[in-house]
Amino acid sequence: MSDAGTDKGGEDTVDTLNPFMPSPEDMQHWSSVMARAQQMMLDFALGQAEAGQTAAPLFDPTRWLGSDGAQMWAEQSAKMWEQGAAFWTSLAALTPGFTPDPPADAPRDRRFADPDWTANPAFALIRQTYGLLSDQLLATARQMQGLDEAARAKMEFAAKSMTEALSPTNLAITNPEVIKRAVETRGESLLKGLRHMLADLSRGQLSHVDPDAFEVGVNIATTPGKVIHETDLYQLIHYAPATKEVFTVPLVIFPPWINRFYILDLNPAKSFVAWAVEQGLSVFMVSWKSADASMKELVWDDYVAAQVDAIDTIRDLLAVPHVHAIGYCVAGTTLAATLAMLAAKGEADKVRSATFFTAQVDFELAGDLKMFVDESYLALLQQLSAQGYLDGRYMAATFNALRGRDLIWNYVVSNYLLGNDYPPFDLLYWNGDVTNLPAKWHRQYLVDLYRDNRLVVPNSLSVCGTPLDLRKIKTPAYIQAGREDHIAPLASVWRLMDHLSGPRTFLLAGSGHIAGVVNPPAAGKYQYWTGDNDAASLDDFTASAKETKGSWWPNWIGWIAAQDGAKTPAKGARIPGKGKKKAIEDAPGRYVKQR
């Protein structure tokens, strides 16, 4: 009787498994994955066909910069990638094991955190090739001759966007982390990522979070209050007091209509609204209506008139002569126009103080968004807004593109290639909850302010028949800016100090356009700087500014109290719906939920 592992000739024939050969069970599972993927794509295509539409593209704002020069740039950059890849491939063939390392002092790139980008020669070569060619592409953009400043900025933006898009981390076959995850899950991660991608294609927007993770009014935007006034353009929310006494002067907040108002009321722990109520303020919030075809004729005058209407409604309801007002971003720009109009009409005392959250009035230094105001972009806007409003997904894509690595490609890798679960992050949910913009007003805003910078030219613009001159604004102003703001750059926000004539307090907050504003004291995050409000320049201000750890909100409420510290009992009309303005519905209202 012979041994089981020996043939008739006595030779050893023990079978050994090939570690690189998948098992029959694995092969069967991978076949199942591919079949399910094909069925998902077929169902998606059939669903789109039945709906009479094609898949909505994940919009790429870089094509808004389109021109013959951009096409030439794309062709030349593609050639550079090909030449560079050929060079490094030939070099690797001549020197086996060649793995050039980055300089020790090179900045850390989170995209290449996986150890295989350094330890594995193949992936190390890919990483180094990408780094070399990215640097070459960006250097070429900066050194191109015959370009004015605006054209060069566009070219650099296009080059940066292209290098981010072409990163090897964005492809499954050149990302070791994706390959390992696919092997570990036997393809299920790729299948899950495909499901995420098809869902995003259907809605025409890149998802950062699970769209079903939050519900406005249920686990987000939950501060108690009532809608007590509404027009065709906005609803006015009155929040319930949390103290026995409140400041006599109420507060009205004007959020940007580019986004939903609840960035200031995300949840009780982060809510500026809830915190302000707890400080004893009577808080009112404007909730703008997302534009539809009925709003195609709206212009800036309508938004200024809406701010005045809200101010007058609150003054009449509470029988007070004036209000404190906050304007955030574009609504802060509009608040400045409102104040200038009121000053020109002798009605400046309707506003006791004005607070500007990351707002601009002088757009000379407005940053990357100025690239989106040339004729080709405006012509494209007209095409996209044929129905009278601009779909908010296009604007969201533009803002995402300003931080493409963090807000686009990071999620392409995480959601589509790795198939990760969406994080339950309220801020990212808000970021994707877009609003539509009235086409006529949006174009006017880009042309008159971003392109032509007319607001700072006395009497160049008129609103509601009144010429605007910012120098007439003598209302005490509190001006907050974010140190890392890429939407309203610090240097641009500082210009408010140059154009207003009343008492001005400037505060520089750590972080950017959102986190720099939404920074509750309990979080203990970031810091802020205060300094000489009579400084001749931003450089002079920062040179002597004092840093304070934590939230700047307590500094602001101290400033508000210094403007007028009088208190009144929180009863009667101070209770939402108990005055002459009866409750229409519970906060947060209908408008914030409309698409």
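Predicted model: local features only at pLDDT ≥ 70, side-chain atom pairs only at ≥ 80, totals over all residues.
**Entry 1: the biggest hole**

I began with the lining of the largest cavity: by class it has 15 nonpolar, six polar and no charged residues. Here Ala, Val, Leu, Ile, Met, Phe, Trp, Tyr, Cys and Pro count as nonpolar, Asp, Glu, Lys and Arg as charged, and the others, Gly among them, as polar.

Residues are numbered from 1 along each chain as its sequence is written, and side-chain values use heavy atoms, with hydrogens and water left out.

How many cavities of 30 Å³ or more does a search of the whole structure find? I got four. A cavity is a set of points on a 1 Å grid over the protein atoms alone where a 1.4 Å probe fits but cannot get out, and lining residues have an atom within 4 Å of a point. The largest cavity holds about 220 Å³ of space; a volume is the space filled by probe spheres set on the points, which are joined across faces, edges and corners.

I then looked at who sits around that space. The lining has 21 residues, and the closest to the centre are Ile258, Leu369, Phe399, Tyr445 and Tyr450. Helix 10 (330-344), helix 12 (392-402) and helix 15 (439-451) are the elements that give two or more residues to this lining. Helix 15 gives the most, with four residues. Helices (H or I, at least four residues) and strands (E, at least two) are DSSP runs, numbered from the N terminus.

Next I traced an open sheet of eleven strands with mixed pairing, in the order 15-14-13-12-7-6-4-5-2-1-17. Two strands pair if DSSP finds at least two bridges between them. Which are the edge strands? They are strand 15 (546-549) and strand 17 (585-586), and each pairs on one side only.

At the strand 17 end, I found two bridges joining strand 17 to strand 1 (residues 225-230), and the two run antiparallel. Lysine 226 stands opposite aspartate 586 of strand 17.

Then the helices. Contact means heavy atoms within 4.5 Å; axes are lines fitted to C-alpha atoms, for helices over the stretch in contact, and angles run from 0 to 180 degrees between N-to-C directions. Helix 19 (residues 553-563) lies across several strands, among them strand 12 (477-482) and strand 13 (504-509), and runs at about 165° to strand 7.

I checked phi next. Alanine 319, in the loop between helix 9 and strand 6, has a positive phi near 55° without being a glycine. Cysteine 329, in the loop between strand 6 and helix 10, has a positive phi of about 55° and is not a glycine either. Buried or exposed? Alanine 319 is exposed because its relative accessible area is 71%, while cysteine 329 is buried, at 15%. The cut-offs are under 20% for buried, over 50% for exposed and partly exposed in between (1.4 Å probe, protein chains only).

I also noted a cis peptide bond between alanine 587 and proline 588, with omega about 10°. Proline 588 is in the segment after strand 17.

Leucine 166 is in the loop between helix 5 (149-165) and helix 6 (176-184), and is partly exposed at 42% relative accessibility. Leucine 166 and tryptophan 409 are 243 residues apart in sequence, yet 9.9 Å apart in space, C-alpha to C-alpha.

Conventions. 1 Å grid on protein atoms, 1.4 Å probe; cavity = no way out; pocket = protein on both sides within 12 Å on 5 of 7 lines; lining within 4 Å.
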